Amino acid sequence: MNISLKNIDAVSGILTMEIVKADYADQVEKSLKNFRQKANIPGFRKGMVPMGMIKKMYGKHVLAEEVNKLVSENLFKYIRENQLNILGEPMPNETEQKEIDFDTQETFEFCFDIAIAPEINITLNKKNSLDFYQVAIDDEMVNKQLESYRANFGTYDAAEDVEEKDLIKGTVAELENGTPKEGGVVVEDAVIMPLYMKDEAEKAKFIGAKNNTVIVFNPHKAYEGAEAEIAAFLKVDKAEVANLTGDFSFEIKEITRHKEAEINQELFDKVLGEGTVTSEEEFRNKIKETLAEQFEPQSNYKFLKDARELLITKAGDLQFADELLKRWLLASNENNTPEKIEEDYPQIIEDLKYHLIKENLVKKNDIKVEDADIEEFGKRVAKAQFAQYGMLTVPEDVLANYAQDLLKNKQTLQNVIDRAVEEKLAAWLKEQVKINVKEVTPDEFNKLFEENV
């Protein structure tokens, strides 16, 4: 077997593979013997069919199969061993490929077009500068987060009379002429909260009411236009709400009031773990650190997004085997059309340029992501997910197990690897160029992303 590469230009070439009889003869013979052992042909005992008949019946099929297998295996082996950085996949050549005849030929030649990634050389120094946006965590943000913790770790206590934010449980019944309607709607353990009533007059009927009081009110007025809420409250289908426009009674059986947690050691321990902080000042500082950590991945993402333009400029005018790449894009996706590829191609190339630049920088600067990095990043992803629900003190073993479960998903694993690589690339870039740190408010930071949409 002989494989050779003829470069057409810097970004394309033709791979030629010559396969001779010695490359496939033994395997073809072995396959035919297997066919002979299994062949079930009338007039012959199993395994006793003449080999000549087997070759006549199956020889061409077996030969084609073994030759194609050799082509597939050795084509990609050659690409790997010669470290060819190809784009897409090899495509059958349309001009130099000779006709293949498995009936008459013993030597076969296959030609493939390959698109080769352009050479990339990027030099960075402190004369190059990039902005790094750091979100300033102000007292207002800390206060909002503190109030959120107080609410999440608060208690629900019984109350004697109703206030706007109280939760009221009781029995609701449909009325007719001031008395319970026969066969009307009745809901035991109905739940209502005056805060969410739209009509102030209906809401006022509940404020100050005590346990065992019966309130007559109109849900249709109280929740005007909110059919879904009325249906859920009365436990009926949404279609029935239009017919329930009359008064209902509500017998109050339980009043529950939410009480925010006190800012004390008990709250500190519940949020951060026992003894992590011992004062409100330390607690606020810890909240500030946590909020800053939550913005850091977005800051790095923004940094790399801005770095993209600099890196593409530094890479210069990169050439691509455009027609070959378009041919591959058309062949690789049955939903593609020539028109769609022409429309999308400029953006495809822009994205490809940046992808190759990142790959080049990672490889040339020996930026590696080890198993330990992936596990650590996975735990950070898990920690961030728990933090969204106010759980800041998740035990290390719980984080590790949760991260392992996340990483069992192939797509999640690949996303984590990509993000870990980008994080290391961002760290490397910050060492190479001048960084202009700019403090911004969360609103200003969010607008930076909107501007680039």
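This is a predicted model: local features need pLDDT of at least 70, side-chain atom pairs count only at pLDDT 80 or more; totals for chains, interfaces and linings use all residues.
**Entry 1**

I then searched for a charged partner and found Glu-323, which forms a salt bridge with Lys-326. The closest N and O atoms of this pair are 3.8 Å apart. Glu-323 counts as exposed, at 59% relative accessibility. Both residues belong to helix H9 (residues 322-332). Because they are three residues apart in that helix, about one helical turn separates them.

**Entry 2: Glu-422 and Lys-358**

Next I examined the salt bridge that Glu-422 forms with Lys-358. I noted 2.5 Å between the closest N and O atoms. Glu-422 lies in helix H13 (residues 410-432) and Lys-358 in helix H10 (residues 338-364), so the pair ties together parts that are 64 residues apart in sequence. I also recorded the accessibility of each partner. Glu-422 is partly exposed, with a relative accessible area of 26%, whereas Lys-358 counts as buried at 18%.

**Entry 3: Asp-161 and Lys-210**

I turned to Asp-161, which forms a salt bridge with Lys-210. The closest N and O atoms are 3.7 Å apart here. Where do Asp-161 and Lys-210 lie? I located Asp-161 in the loop between strand S6 (155-158) and strand S7 (167-176). Lys-210 lies in the loop between helix H4 (200-204) and strand S10 (214-217). The pair therefore ties together parts that are 49 residues apart in sequence. Asp-161 counts as partly exposed at 28% relative accessibility, and Lys-210 counts as partly exposed at 43%.

I then asked which residues are linked with these two in a network of salt bridges. The network holds Asp-161, Glu-163, Asp-166, Lys-210 and Arg-257. For the whole structure, my search gave 36 salt bridges.

**Entry 4: a nonpolar patch**

Phe-44, Met-53 and Met-57 make a nonpolar surface patch of about 250 Å². I placed Phe-44 in the loop between helix H1 (21-38) and helix H2 (51-81). Phe-44 counts as partly exposed, at 33% relative accessibility.

Methods:
Residues are numbered from 1 along each chain as its sequence is written. Side-chain values use heavy atoms; hydrogens and water are left out. Patches are made of residues with over 30% relative accessible area and no salt bridge: like charges are joined within 9 Å, nonpolar side chains (Val, Leu, Ile, Met, Phe, Trp, Tyr) within 5 Å. Accessible areas come from the Shrake-Rupley method with a 1.4 Å probe; for residues, only the protein chains shown count as cover. A salt bridge is a side-chain nitrogen of Lys or Arg within 4 Å of a carboxyl oxygen of Asp or Glu. Helices (H or I, at least four residues) and strands (E, at least two) are DSSP runs, numbered from the N terminus. Buried means under 20% relative accessible area, exposed over 50%, partly exposed in between (1.4 Å probe, protein chains only).
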